[in-house]
Amino acid sequence: MADPENAKEATTLRYAFGNVLSFFILLLIGVLAFWIRLFSVIKYESVIHEFDPYFNYRVTQFLTKNGIYDFWNWFDDRTWYPLGRVIGGTVYPGLTLTAGTIWWILNSLNIPLSVETVCVFTAPIFSAFASWATYLLTKEVKGAGAGLTAAALLAMVPSYISRSVAGSYDNEAVAIFALIFTFYLYIKTLNTGSLFYATLNALAYFYMVCSWGGYTFIINLIPMHVLLCIVTGRYSSRLYIAYAPLVVLGTLLAALVPVVGFNAVMTSEHFASFLVFIIIHVVAFVYYIKGILSPKMFKVAVTLVVSVGLVVCCAVMAILIALVASSPTKGWSGRSLSLLDPTYASKYIPIIASVSEHQPPTWPSYFMDINVLAFLVPAGIIACFLPLSDASSFVVLYIVTSVYFSGVMVRLMLVLAPAACVMSGIALSESFSVFTRSIKFQLHGLSGSSQVDSGDASSSTVVAQNDAGKAEKTEDTAKERPSKKSKKKEKGIVDKPSLKAKIERRLLVLPFEASIFAILLLVLLGAFYVVHCVWAAAEAYSAPSIVLTSYSHDGGLHVFDDFREAYAWLSHNTEVDDKVASWWDYGYQTTAMANRTVIVDNNTWNNTHIATVGTAMSSPEKAAWEIFNSLDVKYVLVVFGGLVGYPSDDINKFLWMVRIGGGVFPHIKEPDYLRDGQYRIDSQATPTMLNCLMYKLSYYRFVETDGRGFDRVRQTEIGKKNFKLTHFEEVFTTHHWMVRIYKLKPPRNRIRGKTKKPRSQKTSSTTRTKRSAATKRNPWH
């Protein structure tokens with residue numbers, strides 16, 4: 001009796017030590033996830049990055065200053081002039097409320113951090129939370145070892161770093177954590193059948209809806225998995241508990257978010273969840289009557305239930321079709337249609353296609369953003385089928401769908417990153433398990449294999465729990481299994497590995513040298529991944545877009561701070577109620593940093609208003625002046641990179657202005673700006689291109705920089721050089737010519753009955769002018 005008790009105590013001690021070790025490893029992973037995202041602060045400064053984060057920062061400032069009620073009712077008259085924008089009903093409030101809550105808690109604890117500091121460090125903090133959520137998710141699928149590996153991979157994956165560095169205060173900063181945590185709670189509910197976890201899953205889904213429009217990925221992926229389980233005969237009461245409360249409670253909570261509202265039940269993105277909700281109830285009813293009726297009566301009842309179910313499904317489908325038939329897009333949003341049909345945006349919605357992050361990724365971008373994980377994902381998929389469980393089938397479905405969506409939009413590489421880390425963590429964990437078991441087998445022989453197997457039991461515990469209810473046909477057979485085990489324990493029977501199990505383990509044993517070489521290869525692969533991730537965090541994704549840097553041939557560092565220079569000039573040299581026109585990319589920054597009213601911004605909710613600005617930029621100077629003057633515009637801001645070689649300037653974006661403007665105003669035609677189908681700005685450019693406002697505002701006085709007007713971005717000499725502006729005047733150009741600001745000249749006064757002056761009067765006035773000039777030259781005269 002002493003030996004079994006000692007073995008039990010040793011096992012308990014081993015599990016306790018393993019849990020403590022896992023806790024400290026997770027703590028280190030969280031610290032790693034936080035610190036690797038601080039290169040932007042260390043190398044540059046604590047500043048907000050990109051464009052959208054400046055709007056989120058401005059909204060957070062308003063929330064902390066005025067409170068939650070004023071936030072919900074805030075009408076912003078400094079954007080989309082003269083229309084304005086209702087902020088509370090058009091923004092996903094999750095990020096703002098999260099950062100505002102953190103700021104309020106810190107100030108309640110007498111930690112006086114500014115709102116900007118909290119916004120800068122929100123993304124690194126939640127990246128640590130996302131790593132821990134990845135551990136929990138992967139642990140439910142394949143054990144703690146795979147969970148720790150996946151968490152470490154996610155903490156460093158470049159795709160996630162690109163959207164979560166310090167200063168990247170965008171919705172994805174908290175949304176990726178909410179996405180992974182929602183998936184974890186769904187799998188947890190699926191494994192346990194607990195209504196408590198189902199309720200938490202609905203609340204996590206609600207937080208995801210508050211944070212990001214990508215919540216539609218969740219509400220479509222989970223129904224797909226539920227339908228897959230039903231079709232493959234893996235229905236269980238746990239599946240019903242995991243899905244039904246999510247649809248009911250999650251939809252009700254989602255409708256409470258103002259920006260979503262009735263879209264939670266009226267748009268096509270949500271209809272799949274309702275259809276699967278009906279199907280799972282029909283299947284649940286069939287399983288219920290199967291247990292209480294005889295086989296003969298069951299056939300009759302099934303026929304009736306299926307018939308009624310088909311009628312209900314057809315009725316629901318007819319209602320849904322009637323609701324969406326009146327919509328040109330059949331109830332789908334433009335971005336959703338762009339995902340389902342990659343050519344849709346370029347054909348019908350150029351405003352979506354014009355965004356760089358909505359373009360399809362190239363093959364090198366996969367290696368850049370997920371690196372060696374791209375090669376480990378197939379191995380992880382294979383490991384998920386050995387054995388296949390409800391949880392592993394879900395992550396397989398997750399990786400397949402995310403690979404497709406990431407191939408449509410480069411922005412959705414962010415959704416692929418967690419799935420790739422989960423699969424790669426599973427692959428690495430299973431590989432190390434096989435290789436270490438092979439080494440131990442070779443060192444200790446077959447007698448020690450039982451000890452190795454007992455050590456591996458902890459990593460396979462979760463898999464056994466996942467599969468426990470899948471082979472059960474009825475609840476009665478499920479209750480018989482523990483009774484059989486208890487009888488064996490009472491009789492003192494000790495289960496020994498069968499011959500088949502020994503043969504299977506023997507087949508998994510590799511040669512000693514091959515196992516050592518494979519482990520060294522995996523370690524080398526991991527080292528290469530770490531080096532690449534650190535380089536990406538330090539160099540590729542740490543530079544804020546508002547402050548640019550470059551290195552000269554001699555290694556000298558050049559800093560281009562033109563954007564803040566321009567916004568500071570606007571803030572100090574213009575009136576508070578002046579209106580500034582620019583392309584929509586710079587609207588958020590102008591409003592947040594210069595505190596001036598803009599015509600369009602990055603929200604892009606009104607295509608006609610953006611097309612109006614695009615038409616003005618594409619029109620001749622006089623027509624553009626008339627358009628801007630009708631909008632009460634005082635200043636026009638353009639971004640120009642021809643002097644320093646900055647490629648993301650307005651000249652490179654100009655064709656999108658033409659396309660968007662031409663989509664609303666037919667007199668703007670793209671071929672008028674192309675020479676034989678080519679976009680040119682040199683002497684071969686079309687007259688329409690050379691005389692449009694964007695060309696003139698970008699290249700005005702440009703020939704003075706080098707004497708010939710050589711554009712370093714387009715690598716050519718400009719076509720039209722010495723021209724003057726008649727309706728606009730240059731008021732400010734930054735040090736490196738990256739931002740140029742022009743002011744609209746006031747309209748000329750029209751004088752009726754204007755006649756020429758008499759010749760004698762003209763001569764006398766000329767004589768007086770010459771005499772005054774001579775007096776100024778010789779004050780002693």
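**Close-up views of a predicted model**

**View 1. Helix α11 passes helix α12 in a left-handed crossing.** The model shown in this and the following views is predicted. Helix α11 covers residues 215–231 and helix α12 covers residues 237–254; the two pack with their axes 11 Å apart, at an angle of about 150°. Angles over 145 degrees count as roughly antiparallel, so α11 is roughly antiparallel to α12. On the α11 side the contact involves I222, P223, V226, C229 and I230, which meet L239, Y243 and L246 of α12. The residues of this contact of α11 with α12 comprise 8 nonpolar, no polar and no charged.

**View 2. Helix α3 and helix α5 pack at an angle of about 50°.** The axes of α3 (residues 52–66) and α5 (residues 94–108) are 9 Å apart. The angle between them makes α3 oblique to α5. The crossing in which α3 passes α5 is right-handed. From α3, the residues N56, V59, T60, L63 and T64 take part in the contact, and from α5 the residues L95, T96, L97, A99, G100 and W103. Sorted by class, the contact of α3 with α5 contains 6 nonpolar and 5 polar residues, with no charged residues.

**View 3. S159 is a residue of helix α8.** Helix α8 spans residues 158–161. The relative accessibility of S159 is 2%, and S159 therefore counts as buried; the cut-off for buried is under 20%. When its neighbours within four places in sequence are left aside, S159 is in contact with D369, M413, L414 and A417.

**View 4. Five strands form an open sheet with mixed pairing.** The strand order is β6-β5-β7-β11-β10. The edge strands, each pairing on one side only, are β6 (597–598) and β10 (728–733). Strands of a sheet pair through backbone hydrogen bonds, in either the parallel or the antiparallel sense.

**View 5. Strand β5 and strand β7 pair in the parallel sense.** Strand β5 consists of residues 579–581 and strand β7 of residues 635–639, and their pairing extends over 2 bridges. Opposite A581 stands V636 of β7.

Terms used. Residues numbered from 1 in each chain as written. Predicted model: local features only at pLDDT ≥ 70, side-chain atom pairs only at ≥ 80, totals over all residues. Heavy atoms only, no water. Axes fitted to C-alpha atoms, helices over the stretch in contact; angles between N-to-C directions. Helix = DSSP H or I, 4+ residues; strand = E, 2+ residues; numbered from the N terminus. Parallel < 35°, antiparallel > 145°, perpendicular 65-115°, else oblique. Left-handed = near helix turned anticlockwise from the far one by under 90°. Contact = heavy atoms within 4.5 Å. Nonpolar A, V, L, I, M, F, W, Y, C, P; charged D, E, K, R; others polar. Buried < 20%, exposed > 50% of the residue type's maximum accessible area, 1.4 Å probe, protein only. Pairing = 2+ DSSP bridges.
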